[in-house]
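Here is a friendly walk through one structure, with an eye on helix packing and charged pairs. Have a look at the model first, and then read on.

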Amino acid sequence: MTGAVRLVDLDPRLAEVTGRTIRLQVLVDHSAQSAGRCPTCRWAVSPTRPGCPSHVVALSLLENRPLPSWLAQLAGQVPGVRVRTETPSDEDRRAAEDSAAGLFPAPRRVRPSGARP
């Protein structure tokens with residue numbers, strides 16, 4: 001399989017609102033013990049790609065974790081999944097705070113000479 005993972009590539013049970021028992025069953029059905037192929041959907045599994053999409057989505061739902069970036073396009077299609085939201089970096093946040101209007105100009109932030117960037 002190449003390209004983006006689609007909803008039809010997942011176990012059909014994940015396209016519905018499911019309970020914990022169904023999610024656990026999907027996880028067990030798509031669990032590959034070693035490198036090779038998923039026993040249910042025949043998705044290629046390797047140490048660098050440890051699970052088929054159904055296994056990864058079911059595990060994310062069970063652990064209430066965001067989907068990995070390679071499955072983020074499924075967030076609006078699979079009920080209950082979430083994706084990681086981008087948060088501004090500290091530098092971006094500081095720049096926004098420093099440029100905010102105030103009573104006087106904000107002092108320039110200076111890093112100590114031995115500080116890491």
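In helix α1, Arg20, Arg23, Leu24, Val26 and Leu27 meet Ser54, His55, Ala58, Leu59, Leu61 and Leu62 of α2, where contact means heavy atoms within 4.5 Å. By class, this contact of α1 with α2 has 7 nonpolar, 2 polar and 2 charged residues; Ala, Val, Leu, Ile, Met, Phe, Trp, Tyr, Cys and Pro count as nonpolar, Asp, Glu, Lys and Arg as charged, and the others, Gly among them, as polar. The axes of α1 (residues 20–29) and α2 (residues 53–63) come within 8 Å and cross at roughly 145 degrees. Axes are lines fitted to C-alpha atoms, for helices over the stretch in contact, with angles from 0 to 180 degrees between N-to-C directions. Helices (H or I, at least four residues) and strands (E, at least two) are DSSP runs, numbered from the N terminus.

The model is predicted, so local features need pLDDT of at least 70 and side-chain atom pairs count only at pLDDT 80 or more, while totals for chains, interfaces and linings use all residues. Residues are numbered from 1 along each chain as its sequence is written, and side-chain values use heavy atoms, leaving out hydrogens and water. The chain has a mean pLDDT (the predictor's confidence in each residue, from 0 to 100) of 80, and 85% of its residues reach 70 or more. Among the elements, α2 has the highest mean pLDDT (89) and helix α3 (residues 90–99) the lowest (78).

Helix α2 is mostly covered, with 9 of its 11 residues buried; buried means under 20% relative accessible area, exposed over 50%, and partly exposed in between (1.4 Å probe, protein chains only). What covers these buried residues includes α1.

Now to the charges. A search of the whole structure finds 4 salt bridges, each a side-chain nitrogen of Lys or Arg within 4 Å of a carboxyl oxygen of Asp or Glu. Among them are these:

| Pair | N to O distance |
|---|---|
| Arg6 and Asp9 | 3.7 Å |
| Arg13 and Asp11 | 2.8 Å |
| Arg13 and Asp29 | 2.8 Å |

Arg13 lies in the segment before α1 and Asp29 in helix α1, so this pair ties together parts that are 16 residues apart in sequence. Asp11, Arg13 and Asp29 are linked in a network of salt bridges.
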